[in-house]
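Visitor: Please show me the model, and let us discuss it by question and answer.

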Amino acid sequence: MSGTNGNDSVNIQDSTLAAAGDVERERAQLVRPAYRNVVLAMVVIGFALNFMDRQILSILMQPIKQELHLSDTALGFLSGLAFAIFYATLGLPVSRIADRGSRRVVMAISMGLWSLATATSGLARSFLQLFGSRIGVGVGEAGFTPSGLAMIADYFPRAVRGTALGILNIGPMVGSMAGLLIGGWVAHLWGWRAAFMIAGLPGVIFALLFWLIVREPWRGMADGAPREKHPQPSAWDGTRQLMRSATYVYLVAGTGMSAFALYGISLWMPSFLARSFGFSLPTIGITLGPVIGIVGGAGMIAGGYIMDRLRRRDERWAMWMPAIAALLSIPALLIALTLANAYAAIGTYALAYFLSVLWVAPAFAVIQAIVHPAMRVTATAGQLFVTNLVGLGLGPQVVGLLSDLFAPAGTNSLRYAMMICALAPLFPAVFYMLAARSMKTSGIHADLASAAMDN
């Protein structure tokens, strides 16, 4: 009998070792540079399609305004709140689903939904119909960004995570450039409705490719965590734990105000160039597109790379650097909006835009560092809730309202509204400094990681 028990113990031990070996082999396959770079490229393309469908409305606002007879307030609502309310609100429950299940599935379905909604925007015949389509875009995009950021954090270890997230955020810049270029030329040749349809349909095909190629990593895989099901706190407990972190709270507040200035200026810049300098839609796409895509992409990579370098000296540089960049962006934005020469204005705006996006990779990297892997999607969704509601929702809306308020100033009404918005980076600079002060001098501690599992 004892011999049987001994054999059973040996068999159990052998099975355990075999299972552990299988897990390590799977980890080695998924984190090998070739495959994880393929995954990174797939998520980058998804982000590009995401922001192309989001940005294309900005260059189409003038023809939409003329055909549908809309005010700047209405246009600000379509480009901001109509999208952001549903994007931000649904991002939280969808993130809970993604944290508990497959992020890959959530991302593929989300991509298909927003792409179809973008295509149907071209069928709109009234403000309400276009509003409905923009809601569809927001609903679809709600599940992609938080899941994508958390997935990349599980593929790339912390030492190179900032750089990986910087590369990841090239996608939004390339997508925004594509939205301006495609929107400008297609609208010029075939009208704004065709522009929406051509922008939306590729995403449906790519969603299927994403589903087939990308594999789901387990939570904490790149950090050496075992492959096991981590218990998750309830939605209330998870929110309470996040709110206990001063770093998280200040960081979220800072990113919200950074996005307020970024979106408030960038989504109205095509209309500003058309009204103040008489630029045609193709000209706007050719001149402004590279600023968003190339300069913005360089800013995303630089933000992650600089952070990875500087925080080796002191982790607080992850927040000090975005604070400094925010302050420097203010004079650059104000100068760009007051120059009389269009191309000098665009050149100065390029510098301002570079500075305005340096916060993105550091912010996402810090969030991924201070929360448990099982809560990364939820934590990112909470940050994006504020960023999109305050930034994407209120930024364009406030500029539109101020522009209508300053209407007696004629074509300069939009210029004055954007100049007021250009002062907003003062606020994130303060919040980032507070976030840096809340960090322990010995480094970023995953103070939420253990708390998340205690409950």
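Visitor: How many nonpolar, polar and charged residues does the lining of the largest cavity have?

Guide: This is a predicted model, in which local features need pLDDT of at least 70 and side-chain atom pairs count only at pLDDT 80 or more, while totals for chains, interfaces and linings use all residues. Residues are numbered from 1 along each chain as its sequence is written, and side-chain values use heavy atoms, with hydrogens and water left out. Ala, Val, Leu, Ile, Met, Phe, Trp, Tyr, Cys and Pro count as nonpolar, Asp, Glu, Lys and Arg as charged, and the others, Gly among them, as polar. By these classes the lining has 15 nonpolar, 7 polar and 1 charged residues.

Visitor: What is the volume of the largest cavity, and which residues are the closest to its centre?

Guide: A cavity is a set of points on a 1 Å grid over the protein atoms alone where a 1.4 Å probe fits but cannot get out, and lining residues have an atom within 4 Å of a point. Grid points are joined across faces, edges and corners, and a volume is the space filled by probe spheres set on the points. The volume is about 310 Å³. Of the 23 lining residues, the closest to the centre are Phe 51, Arg 54, Pro 172, Leu 262 and Tyr 263.

Visitor: Which helix supplies the largest share of that lining?

Guide: Helices are DSSP runs (H or I, at least four residues), numbered from the N terminus. Those that each supply at least two residues of the lining include helix 7 (144–155), helix 9 (170–190) and helix 18 (376–405). The largest share, 4 residues, comes from helix 2.

Visitor: How much space lies in the second largest cavity, and which elements give two or more residues to its lining?

Guide: The second largest cavity holds about 140 Å³ of space. Its lining has 19 residues, with Ser 258, Ala 261, Ser 329, Ser 356 and Pro 425 the closest to its centre. The elements giving two or more residues are helix 12, helix 15 (317–338), helix 16 (342–356) and helix 20 (426–438).

Visitor: Which residues touch the most other members of the largest nonpolar core?

Guide: A nonpolar core is a set of buried Ala, Val, Leu, Ile, Met, Phe, Trp, Tyr and Cys residues joined through side-chain atoms within 4.5 Å; buried means under 20% relative accessible area, exposed over 50%, and partly exposed in between (1.4 Å probe, protein chains only). Among the 125 residues of the largest core, those touching the most other members are Ile 64 and Tyr 349. The most residues, 17, are given to this core by helix 2 (residues 33–68).

Visitor: How many residues of helix 17 are buried?

Guide: Helix 17 is mostly covered. Its buried residues include Val 360, Phe 364, Gln 368 and Ile 370.

Visitor: Is Ser 121 buried or exposed, and with which residues is Ser 121 in contact beyond its neighbours within four places in sequence?

Guide: Ser 121 lies in helix 5 (residues 103–121). Its relative accessible area is 0%, so Ser 121 is buried. With contact meaning heavy atoms within 4.5 Å, its partners beyond those neighbours are Leu 130, Ser 133, Trp 192 and Phe 196.

Visitor: What is the phi of His 69?

Guide: Most residues other than glycine have a negative phi. His 69 is placed in the loop between helix 2 and helix 3 (72–79), and is exposed, with a relative accessible area of 69%. Although His 69 is not a glycine, its phi is positive, at about 55°.

Key:
On a 1 Å grid over the protein atoms alone, a cavity is a set of points where a 1.4 Å probe fits but cannot get out, and a pocket is an open set with protein on both sides within 12 Å along at least five of seven lines; lining residues have an atom within 4 Å of a point.
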